[in-house]
Amino acid sequence: MTVGTTDGATALLVLGMHRSGTSAVTRVLNLLGAHLGADLLMAQADNKRGFWEHAEAVAIHERLLTALGRTWHDTRELPHGWLDSAAAKTATSEIVSLIERDMKEKRLWAVKDPRMCRLAPIWIDALHKLGIDTKAVLVVREPYEVASSLHMRDGWSYAHAYLMWAEHLLDAYRATVSVPRALLTYDQLMDGWEQHLTRLGRELAVAWDPSIQEARPSIEAFLTPMERHHRTSELHVPIPPERLPPAFLQKLYEACARASQEAGWSGLEELSQVFYEVAGLFVGPMGELIRDRDKAAQARAAEEALALERLDIIHRLQPELEQSHRERSRFEVLAVERLERIQQLDDELAKCTKECSRFEVIAVERLERIQQLDVELADATEECSRFEVLAVERLERIQQLDAKLALYATERNKFEAIAAEQLERARQMESELSQSTKERNKYEVLAVERLERTRQLEAELAHAIRESARFEVLAVERAERIHQLEAEQAGILTSKQEAERLAGERLSHLQQVEADLAAHLEEVRQLRRQFDQLRAWAGSRWWLLKRAIRPVAS
């Protein structure tokens, strides 16, 4: 069922402050047949049921406000003569293009953006140029509910939100004086939408298609009470005094309520005149405050951007940090293992050091023993050298005695055989003695025995000399005492046998001496081998000790 009819296309401008329910009103109008266009903003967390705003229209509004040095939350009036600015003309041309592309063929369409409360004149101008019937729907919500919603969402102060509420309402009221308009409060939409949408259709002369009866299921499904927040009538505690709306805003809201009941717009007109008369006093100071606030906001935005950038860097570095933590944990475990291994190595090193100290003590003792043996060997070598000199001297003396003995033997013709045998035996003994002396020249015992033997030989030689003298006397008296010599021959033969016996005893004694010398020589050789083995063992131990000490020093 239609309430009224209209010829041609009709545009509905939905004007209202942010967080006033304009999104819900626009969606209801859409369910009643108002086209919104295809390029709509996506729903977000602060408006999960959608904004129902044309994305390009919002972009045009943002570009125009930026060009005019304003923002969507700015409380200053727009610059004087802004409608004649190049930015406004550009925005109007863009709006015309948008309408011709997306809306011109539609019988009824609507556009909504809270920024339009302040920019409505360029939309009305564009629509008049296109010959489209323009009508406005002013949406109003209780100021405390709007301020609470903005405070929760954006952190705005209540005073800032109240001033924006008044400016958006009165700017929208002033801009729509020349077009048909109707006012709808958020409470009326939520508590009696059917009655008040019927009123809107009647006041604006708009025929809803589909009708309210036909769209009722969809509208009631959309308008759920759970989506309504910050309702003043449901507060269980008094509003803090610092958050109470000013009395002027209460008067404005009451005037809006009267206008929504078809009581006329006179109350809003009077309050609008009062507001704009007083607002001129605050334009300069407000501009300075807003500029300072904008600078602070820009600085805060820069800080937030920097913080986000750093947060992004932190998020990107988080995996690396976690990997570093895992690596650190692995390295800590490895460090503990290495520390335990180092402790084990320290214990082993302590043992090795103790063992090395013991070996050093042994090595020092062995070295001292080797030095002692070297000293003893040097003393023995020196003593042997002295005995060698003495033996040479004795040998020369023996050779001298041999020469004398040979001379005496020549003179003793009669006893040539005996003397020759004794001399030959003496030479053999001297040769054996010389040989033994050369082979065993390192020991004093041999030299002493040879010296004693030499003395014995000297005694025998002296005895032989005396015998030779006696035989010389006998030779002189040979003729006289031949018969005595014959008698004495038997005695001499006996003496010869005795001398041979003595020579045999001396030979046995020499053989015993040679055996003793051979034993002593073998003992010396064994001592030399033991000394060489000890020196080789000390050298190997010293090399092992150096190898054990070198890593410790490193």
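Reader: Angles under 35 degrees count as roughly parallel, over 145 as roughly antiparallel, 65 to 115 as roughly perpendicular, the rest as oblique. Which is it for H9 and H10?

Author: Roughly antiparallel, therefore, is the label for H9 and H10. H9 covers residues 247-259, H10 residues 266-279, and they pack at about 150° with axes 8 Å apart. Axes are fitted to C-alpha atoms over the stretch in contact, and angles run from 0 to 180 degrees between N-to-C directions. Helices are DSSP runs (H or I, at least four residues), numbered from the N terminus. This is a predicted model: local features need pLDDT of at least 70, side-chain atom pairs 80 or more, while totals for chains, interfaces and linings use all residues. Residues are numbered from 1 along each chain, and side-chain values use heavy atoms, without hydrogens or water.

Reader: Which residues of H9 meet H10?

Author: Phe248, Lys251, Leu252, Ala255, Cys256, Arg258 and Ala259. Their partners in H10 are Gly267, Leu268, Leu271, Val274 and Phe275. Contact means heavy atoms within 4.5 Å.

Reader: Switching to the core. How many residues in the largest one?

Author: 67. Leu268 is among those with the most contacts inside it, as are Ile99 and Trp109. Helix H6 (residues 158-175) gives the most, 11 residues. A core joins buried nonpolar residues through side-chain atoms within 4.5 Å.

Reader: What does Ile99 touch?

Author: Beyond four places away in sequence, Lys104, Trp109, Trp123, Leu127, Leu130 and Ile132.

Reader: And where is Thr90?

Author: In helix H3, residues 86-102. At 42% relative accessibility, Thr90 is partly exposed (buried is under 20%, exposed over 50%, 1.4 Å probe, protein chains only). Arg63 is 27 residues from Thr90 in sequence and 9.9 Å away, C-alpha to C-alpha.

Technical notes: Helices (H or I, at least four residues) and strands (E, at least two) are DSSP runs, numbered from the N terminus.
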